[in-house]
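Here are a few notes to read alongside the model. Have a look at the structure first, then work through the points.

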Amino acid sequence: MSVLVVGSLALDSIETPFGSAKDKVGGSATFISAAASYFNSPIRLVGVVGGDFPQEGIDFLERRNVDLEGLQVIREGKTFRWAGRYHYDLNERDTLSTDLNVFEKFDPVIPEKYRKNNIICLGNIDPVLQRRVLDQLEKPRFVVCDTMNYWIERKNEELRETLKQINVLILNDSEARLLSHEPNLFKAGRTIRQMGPSVVIVKKGEHGALLLTDQLVFSAPAYPMENIFDPTGAGDAFAGGFVGWLARTDDMSEENLKRAVIYGSTLASFCVEKFGVDGLADLTYLSIQDRFRQFRELSRFDED
Ligand code: AMP
């Protein structure tokens, strides 16, 4: 099964307590596609960049075998830019600036051959664009959607419309509280499920992730990491690992969603070990499997 990824391609400027970088290739679609590419299913990207997007970004995606037929290049436009600063508590991040640039007028066009039989991963972009993508698809197999505070605050009504058409919403704990107006995450998950998605995944940074459905509460640990360089893209890498596994197995049962959450956590853990997308550049399926198994050991215990 193939994965259709729609989201931002960006030039990110990042400050962490351990260093800083300017105009690093990033964006939700870049991180998601790279992470999903390790599961051997075709990955198709739809997005937009300006004439200033570096060739190195294109080369990176091509090396990961990502199909770029749906990538629009606006030669006279500027690429989306985002700047953020992390604190010693790496779960805390300030957005310093968001310049939508070519995204302001972006009209996603899904190539004919991408319209059927995909798992869809709607990366973090304007919910209006996310819906325009869904409108062009024929019976998507499964729709996974990511969002963030920027859109919850600015496009709440539009986001609510998008939520009616998706299967899974992935968001972090503060975003879940913001969207649901509910401090308790289990209640927040229930409130969000009433908005549309039957599955809600709440990411809790270095404290793991919760998979919530009407029947299930599954709590995944986070990988104990001593060297986190740059958390940017961790959430997207999580989404990429999650959809990558679902595409490989074509099994949306709750047991398999649990595995997908652990694969998501695995890819996120690789992502944060280096700056920008570098952590997702040279993995092997074997190294991913190895870390996946370590996750099982983290919370396995005997009854007596
Ligand atoms: P994450 O750390 O997983 O939340 O994702 C960070 C990535 O999201 C960065 O590469 C940014 O370029 C991208 N990003 C940040 N804000 C937005 C936004 N408002 N719309 C689309 N992409 C964004």
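1. In which helix does Gly189 lie? Gly189 sits in helix H7, residues 185–194; helices here are DSSP runs of H or I with at least four residues, strands are runs of E with at least two, and both are numbered from the N terminus. Before going further: this is a predicted model, where local features need pLDDT of at least 70 and side-chain atom pairs count only at pLDDT 80 or more, while totals for chains, interfaces and linings use all residues. Residues are numbered from 1 along each chain as its sequence is written, and side-chain values use heavy atoms, with hydrogens and water left out.

2. Gly189 is buried, at 0% relative accessibility (buried means under 20% relative accessible area, exposed over 50%, partly exposed in between, with a 1.4 Å probe and protein chains only). Not counting residues up to four places away in sequence, Gly189 touches Val200 and Leu212; contact means heavy atoms within 4.5 Å. Ile74 is 115 residues from Gly189 along the chain, and their C-alpha atoms are separated by 39 Å.

3. Now take helix H2, residues 55–63, where Gly57, Ile58, Phe60 and Leu61 are buried. Seen down the axis of H2, these buried residues fall within an arc of 155°, so they line one face of the helix (the arc is that of the directions from the helix axis to the C-beta atoms). Glu56 and Arg63 are exposed, on the face turned away from the buried side of H2. The cover over the buried residues of H2 includes strand E3 (19–26), helix H1 (28–36), strand E4 (43–50) and strand E5 (66–74). Just after H2, Asn65 has a positive phi of about 65°.

4. Helix H10 covers residues 285–298, and its 14 residues should span 20 Å at 1.5 Å a residue; the end C-alpha atoms are 20 Å apart, which agrees (the expected span is 1.5 Å times one less than the number of residues). Buried in H10 are Ile288, Gln289, Arg291, Phe292 and Phe295. Viewed down the axis of H10, its buried residues fall within an arc of 170°, so they line one face of the helix. Helix H9 (254–271) is included in what covers them.

5. Last, Asn172 belongs to strand E10, residues 168–172. Asn172 is partly exposed, with a relative accessible area of 24%. Leaving aside neighbours within four places in sequence, Asn172 is in contact with Val202 and Lys203.
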